[in-house]
Amino acid sequence: MKAFVDENVCISCGLCEGVCSDVFSLDTGVAVAIECEISSDLEDSVREACDGCPVQAISIEE
Ligand code: SF4
């Protein structure tokens with residue numbers, strides 16, 4: 001699994017970082033996801049962040 005954030009859509013609410021800080025960070029002001037393959041033990045929380053994003057800025061590639 002890989003995760004991506006559309007920086008043009010993200011409103012910097014911080015939810016994704018709060019749910020899964022191993023994958024998402026807001027260090028640059030908007031959320032960014034790690035570029036490498038996401039380990040299987042983090043997949044559920046990444047899906048939770050994706051589902052919880054209020055503006056659907058997160059996409060997942062299985
Ligand atoms: Fe941006 Fe969505 Fe993450 Fe909020 S949950 S910081 S809007 S990507």
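This is a predicted model: local features need pLDDT of at least 70, side-chain atom pairs count only at pLDDT 80 or more; totals for chains, interfaces and linings use all residues.

Student: Which residues of helix 2 are buried?

Tutor: Two terms come in here. Helices (H or I, at least four residues) and strands (E, at least two) are DSSP runs, numbered from the N terminus. Buried means under 20% relative accessible area, exposed means over 50%, and partly exposed is in between (1.4 Å probe, protein chains only). Helix 2 covers residues 43-52, and its buried residues are Glu 43, Ser 45, Val 46, Ala 49 and Cys 50.

Student: Why do the buried residues line one face of the helix?

Tutor: Look down the axis of helix 2. Its buried residues fall within an arc of 165 degrees, so they line one face. That arc is taken from the directions from the helix axis to the C-beta atoms.

Student: Which exposed residues sit on the face turned away from the buried side?

Tutor: That face of helix 2 carries Asp 44 and Asp 51.

Student: What covers the buried residues of helix 2?

Tutor: The cover includes strand 1 (2-5), helix 1 (15-19), strand 2 (24-25) and strand 4 (58-61).

Student: Is Glu 43 buried or exposed?

Tutor: Glu 43 counts as buried, at 19% relative accessibility. Leaving aside neighbours within four places in sequence, Glu 43 is in contact with Met 1 and Ile 38.

Student: Now strand 2. Is Ser 25 buried or exposed?

Tutor: Ser 25 lies in strand 2. Its relative accessible area is 19%, so Ser 25 is buried. Beyond four places in sequence, Ser 25 touches Glu 17, Val 30, Ala 31 and Val 32.

Student: On to the ligand. Which residues come nearest?

Tutor: A residue is near a molecule if one of its heavy atoms lies within 4 Å of it. There are 13 residues around the ligand, and Cys 10, Cys 13, Gly 14, Cys 16 and Cys 53 come nearest.

Student: How many residues of the shell are nonpolar, polar or charged?

Tutor: Ala, Val, Leu, Ile, Met, Phe, Trp, Tyr, Cys and Pro count as nonpolar, Asp, Glu, Lys and Arg as charged, and the others, Gly among them, as polar. The shell holds 11 nonpolar, two polar and no charged residues.

Student: What should I know about phi?

Tutor: Most residues other than glycine have a negative phi. Ser 12 is not a glycine, yet its phi is positive, about 60 degrees. Gln 56 also has a positive phi, about 50 degrees.

Student: Where are Ser 12 and Gln 56?

Tutor: Ser 12 is in the loop between strand 1 and helix 1, and is partly exposed at 33%. Gln 56 is in the loop between helix 2 and strand 4, and is exposed at 62%.

Notes. Residues are numbered from 1 along each chain as its sequence is written. Side-chain values use heavy atoms; hydrogens and water are left out. Contact means heavy atoms within 4.5 Å.
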